[in-house]
Amino acid sequence: MGFIDNLRALGLQRQIMLGAAVLGVLAAMTFLVRGTLQPSMSLLYSGLDPVRAGEVINELESLDVAYEIRGEAIFIPANVRDKTRFALARDGLPRQSVQGYELLDSVNGFSVTSEMYNAAYWRAKEGELTRTILTTPGVDSARVHIGANLRSGFSRSQPTPTASVTLSSARRLNGGQAEAIQYLVALAVSGLNPEDVVVIDPRHGILAGPTVGDVESPGVVAEDQAAALEQKIKRLLFARLGDGNAEVSVSMDVSRERTVISDVRFDPESRVVRSRTTNDSNETNQGGGNLTVASNLPQGDAAGGQNESTSKSSTESVAYELNETRTQTERLPGQIERVSIAVLLNQEALGIDLTAADAATQIEQVRQNFEALVRNAAGLEADRGDTLTVELMPFQALPEIELTPAPSMIERMLEQHLWSAVQAIFLGIIVLALGFGVMRPVFAQAPAAGGDEEGASAGDADGAGVEGDLFEQASDPIDYLKDYTSENQEQTAALLQDWLKEDRKIAANE
């Protein structure tokens, strides 16, 4: 019987079940085949500017290359990644967001003035410096601003240029890197001194510049000195207790104000004569006698009765010199105002018998000894308000960390291709389940339908199939046999002939 005849012989319910099973299997096979045959995606570019990323995506679409966008990263199939990168590089993609000397290519013609050319030149200079700074490890983005004052034709003095570099970094650049950026910019601009270049990180403040010491010294001094003092105390305790048996924390309070104090003092007991001045004076006064008629006459005795007096005076002026002391004190930002140290020691590493009667006394004595040792090593000052705390307590044992060995080649292959292998095996299981679990039982239970012109030559196989159909599907074999022989007379005759032939063969052999 043909496949179509068997399918038509099935009941409506069996046909629906068979169709649903086939559709489900096809859907599962499609999903698994797509997942198995889909190439793995590899990173093409990440962290591109949105404009540059859009140009790359447009080029990928023109090249008919599949891509995925995951955040700021672009992924393409791994098997075409290298080829696609060369194709993009051939077209100059991705273009750099910072332009340098290529800006001067468009500055040509008679319409360009000297001011326009100078502006384009300094833009190109800033772009080239930015590109170089971006190669510094840890620098994510950067911008360079050059304050180049254009000298007038009537000016005799050359203005001093300045520059500033604004950058963003994941971690704080050290002083050497910031100084290198200063010299990079200064040597690229004629007449620019490295001290006139300011390097600024918005997250970490001013890294280098003319006033970097005044601006960042309080926090930097406190952090650096506290770290140095902490390491010094740890090395001292390591020699006595070993590694991992002491924890030290140092905190410093520093002044952030600049103060100038002037003090003038005089010593009254130390006076010395600086100068002495003496003035002597004599004064003589003459006075007349009684007034008479004769004194009014021309020849009268006018001088008669005159009196004369003399006076003397003496003054002395003494100037003293006192000892004078003038003191001017300047407190710069970063002066240490207070130091606080906390030390935690592992009690078990000290070798103290806690079951002894004087265990508490021993612990206190050891604590005092370590306190004196740390106080002298740190140079603490009680007048300044420095504090020190030393505590002894048992440390908790840290769990042992087992190092994981590097995966072998077989493990890496399994990691990369395990999922594909599982999908292929699952696909084979579904195909086998479809063939043996769904299709075969359905068709095996289908009733025979229609005549077959070649039934006479079918042989034992058709006879066995008919017998199976007779016993499997007929509720009453006699009635079904009558119906079957009336509908399929040719097949019944062929079947009887086969049976007679088998009986004759058996009789002949006997």
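Is D353 buried, partly exposed or exposed? With a relative accessibility of 42%, D353 counts as partly exposed. Keep in mind throughout that you are looking at a predicted model.

**Stop 1: around D353**

D353 sits in the loop that runs between β11 and α8. Now show what surrounds D353: setting aside neighbours within four places in sequence, D353 is in contact with A359 and Q362.

**Stop 2: zoom out**

You have 12 helices and 12 strands in the protein chain. The chain has 510 residues, and 24% of them count as buried. What about contacts across the sequence? Take the contacts between residues at least 6 apart in sequence: 70% of them join residues at least 24 apart.

**Stop 3: the end of a strand**

Select strand β11, which covers residues 336–346 and includes N346. Why does N346 count as buried? Its relative accessibility is 7%, and buried means under 20%, so N346 falls on the buried side. Show the side chain: N346 reaches the backbone nitrogen of E348 with it, at 3.3 Å. Beyond the neighbours within four places in sequence, N346 is also in contact with N245, M393, P394 and F395.

**Stop 4**

Now select I233, L237, I341, V343 and L345. Those residues have the most contacts inside the largest nonpolar core, which has 23 residues. Colour the elements that give two or more residues to this core: α7 (212–241), β8 (246–254), β11, α8 (359–378) and β12 (387–393). The largest share, 5 residues, comes from α7.

Stay here for a moment and centre on I233. Which residues does I233 touch, if you don't count those up to four places away in sequence? They are V248, V250, I341, V374 and A378.

There is also a second, separate core, made of 20 residues. Select V144, A163, V165 and A186 to find some of its members.

**Stop 4: salt bridges**

Time for charged side chains. How many salt bridges does a search of the whole structure find? The search finds 12. Let's visit a few.

- Select R81 and D82. They form a salt bridge, with the closest N and O atoms 3.4 Å apart. R81 is partly exposed at 26% relative accessibility, and D82 is partly exposed at 42%.
- Select E128 and R131. Their side chains meet in a salt bridge, 3.4 Å from N to O. Both belong to helix α5 (residues 114–134), and because they are 3 residues apart there, about one helical turn separates them. E128 is partly exposed, at 21% relative accessible area, and R131 is partly exposed too, at 22%.
- Select R265 and D263. Here the side chains meet in a salt bridge at 3.0 Å, N to O. R265 counts as exposed, with 57% relative accessibility, while D263, at 29%, counts as partly exposed.

Now select E364, R367, E371 and R375 together. Salt bridges that share partners join these four into one network.

**Stop 5**

V264 lies in strand β9, residues 259–287. V264 is partly exposed, with a relative accessible area of 38%.

Finish at D64, in the loop between α3 (50–62) and β2 (68–70). Look at the backbone angles: D64 has a positive phi of about 60°, although it is not a glycine. Is D64 buried or exposed? At 71% relative accessibility, D64 counts as exposed.

How values were computed: Residues are numbered from 1 along each chain as its sequence is written. This is a predicted model: local features need pLDDT of at least 70, side-chain atom pairs count only at pLDDT 80 or more; totals for chains, interfaces and linings use all residues. Side-chain values use heavy atoms; hydrogens and water are left out. Helices (H or I, at least four residues) and strands (E, at least two) are DSSP runs, numbered from the N terminus. Buried means under 20% relative accessible area, exposed over 50%, partly exposed in between (1.4 Å probe, protein chains only). A polar contact is a pair of N or O atoms within 3.5 Å; within protein, one must be able to donate a hydrogen and the other to accept it, and residues adjacent in sequence count only if both atoms are side-chain atoms. Contact means heavy atoms within 4.5 Å. A nonpolar core is a set of buried Ala, Val, Leu, Ile, Met, Phe, Trp, Tyr and Cys residues joined through side-chain atoms within 4.5 Å.
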